[in-house]
Amino acid sequence: MFKSTVKAIRAHLLSIEDGATTSELSQALGVHRDSIWRSLKNSMPDAYIDRWNHVPRGRGRSKYEAVWDVVRVPPNCPKPNEKVKS
């Protein structure tokens, strides 16, 4: 995977609040859907499936599409001032 693809996916997911499917990411970034999926699965340990969207397909058939998001890491975690007594 190209690091630029991973960076672009991460930046896009961080810029939206509700996550995105691989199709939505593909359209937004202009990258093939399979490349998006491989990047999410293999190169992004901070990415996770937030939920599944139901997608009707006609004739009583349906499928589910994963909505991906990334962990939002806090900017800092202040170190305690006191020493812990054991």
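Predicted model: local features only at pLDDT ≥ 70, side-chain atom pairs only at ≥ 80, totals over all residues.
Student: Why give an angle and a distance?

Tutor: Because two packed helices are described by the angle between their axes and the distance between the axes.

Student: Which residues bring H1 and H3 together?

Tutor: From H1 come Thr-5, Val-6, Ile-9 and Leu-13, and they meet Ile-36, Ser-39 and Leu-40 of H3. In that contact of H1 with H3, five residues are nonpolar, two are polar and none is charged.

Student: How do you know that H1 and H2 are roughly perpendicular to each other?

Tutor: The angle for H1 and H2 is about 105°, with the axes 11 Å apart. The range for roughly perpendicular is 65 to 115 degrees, so H1 and H2 belong there. In this packing, Ala-8, Ile-9, His-12 and Leu-13 of H1 meet Leu-25, Ala-28 and Leu-29 of H2. By class, the contact of H1 with H2 has six nonpolar residues, one polar and no charged.

Student: Why is Thr-21 called buried?

Tutor: Thr-21 lies in the loop between H1 and H2. Its relative accessibility is 3%, and buried means under 20%, so Thr-21 counts as buried. Leaving out residues up to four places away in sequence, Thr-21 touches Asn-53, Glu-65, Ala-66 and Val-67.

Student: And what makes Ser-26 buried?

Tutor: Ser-26 sits in helix H2. Its relative accessible area is 17%, and the cut-off for buried is under 20%, so Ser-26 is buried. Beyond its neighbours within four places in sequence, Ser-26 is in contact with Val-31, His-32, Arg-33 and Ile-36.

Student: Why does Val-71 count as partly exposed?

Tutor: Val-71 has a relative accessibility of 44%. Buried is under 20% and exposed is over 50%, with partly exposed in between, so Val-71 counts as partly exposed. Val-71 lies in the segment after E2. Apart from neighbours within four places in sequence, its contacts are Leu-14, Asp-46 and Tyr-48. Val-71 and Leu-14 are 57 residues apart in sequence, while their C-alpha atoms are 8.5 Å apart in space.

Student: How do you know that E1 and E2 pair?

Tutor: Pairing needs at least two bridges, and E1 and E2 have 10 bridges, in the antiparallel sense. Within this pair, Ile-49 stands opposite Trp-68 in E2. The hairpin of E1 and E2 has two residues between the strands, and Arg-59 there takes a positive phi near 55°.

Student: Which residues make up the largest nonpolar core?

Tutor: There are 12 residues in all, including Val-6, Ile-9, Leu-13, Leu-25, Leu-40 and Trp-68. Helix H1, helix H3 and strand E2 each supply at least two residues of this core.

Student: What does Leu-13 touch?

Tutor: Not counting residues up to four places away in sequence, Leu-13 touches Gly-19, Ala-20, Leu-25, Leu-40, Trp-68, Asp-69, Val-70 and Arg-72.

Notes. Residues numbered from 1 in each chain as written. Heavy atoms only, no water. Helix = DSSP H or I, 4+ residues; strand = E, 2+ residues; numbered from the N terminus. Buried < 20%, exposed > 50% of the residue type's maximum accessible area, 1.4 Å probe, protein only. Contact = heavy atoms within 4.5 Å. Core = buried A, V, L, I, M, F, W, Y, C linked by side-chain atoms within 4.5 Å. Nonpolar A, V, L, I, M, F, W, Y, C, P; charged D, E, K, R; others polar. Axes fitted to C-alpha atoms, helices over the stretch in contact; angles between N-to-C directions. Parallel < 35°, antiparallel > 145°, perpendicular 65-115°, else oblique.
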